[in-house]
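Morning, everyone. I have one structure to go through, and I will keep to the side chains. Please have the sequence and the model on your screens.

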Amino acid sequence: LMLQREDFIERLSKKGYTKRDAAVIMDDFIRTLEEALVEGESVMFRGFGTFEVRDRAERESISPTTKERITIPAYRTPHFAAGKLLKREVKDGVLQE
């Protein structure tokens, strides 16, 4: 089961927000997170986890179609590491208060 954007907004609206406010909050949160990551900053929510950017080194590989050696250039990629509390909640299937 995967929640889509609309499903998430619906769940937020059940917590007392209007659907419009929930959508604005969610969109602003995601945009702010993206801006921080693009600028190379890490974002940590204690207990929930850390969003960060990782650098991948240039590497050699083999093209599956031509079987020739190719160079994959270095690149940056986003990464999420779950915090201890989130890991425990998912493992136990119970939200902590």
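This is a predicted model: local features need pLDDT of at least 70, side-chain atom pairs count only at pLDDT 80 or more; totals for chains, interfaces and linings use all residues.

Start with helix H1, residues 5-13. Which of its residues are buried? They are Ile 9, Leu 12 and Ser 13. Looking down the axis of H1, these buried residues fall within an arc of 100°, so they line one face of the helix. As for what lies over the buried residues of H1, the cover includes helix H2, residues 19-38.

That brings me to Asp 27, which sits in helix H2. Asp 27 counts as partly exposed because its relative accessibility is 33%, and the cut-offs for that class are 20% and 50%. Its side chain makes a polar contact of 2.7 Å with the side chain of Arg 5. For a sense of distance, take Asp 27 and Leu 85: they are 58 residues apart in sequence, and their C-alpha atoms are 25 Å apart.

Now the aromatics. How many aromatic pairs are there? The count is four. One of them is Phe 45 with Phe 51, an edge-to-face pair with 6.4 Å between centres and 85° between the planes. Phe 51 has a relative accessible area of 18%, so this residue is buried. Phe 51 also pairs with Phe 80: the centres are 4.7 Å apart and the planes are at 45°, so this pair is tilted. That pair links distant parts of the chain, with Phe 51 in strand E2, residues 49-56, and Phe 80 in strand E5, residues 75-82; the two are 29 residues apart.

Taken together, Phe 29, Phe 45, Phe 48, Phe 51 and Phe 80 form one aromatic cluster.

Last, the loop. Lys 67 lies between strand E3, residues 59-62, and strand E4, residues 69-72. The phi angle of Lys 67 is near 65°, a positive value in a residue other than glycine. Is Lys 67 buried or exposed? Lys 67 counts as exposed, because its relative accessibility is 62%.

That is what I have; over to you for questions.

Conventions: Residues are numbered from 1 along each chain as its sequence is written. Side-chain values use heavy atoms; hydrogens and water are left out. Buried means under 20% relative accessible area, exposed over 50%, partly exposed in between (1.4 Å probe, protein chains only). Helices (H or I, at least four residues) and strands (E, at least two) are DSSP runs, numbered from the N terminus. The arc is that of the directions from the helix axis to the C-beta atoms. Contact means heavy atoms within 4.5 Å. A polar contact is a pair of N or O atoms within 3.5 Å; within protein, one must be able to donate a hydrogen and the other to accept it, and residues adjacent in sequence count only if both atoms are side-chain atoms. Rings of Phe, Tyr and Trp (its six-membered ring) pair if their centres lie within 6.5 Å; planes under 30 degrees apart count as stacked, over 60 as edge-to-face and the rest as tilted.
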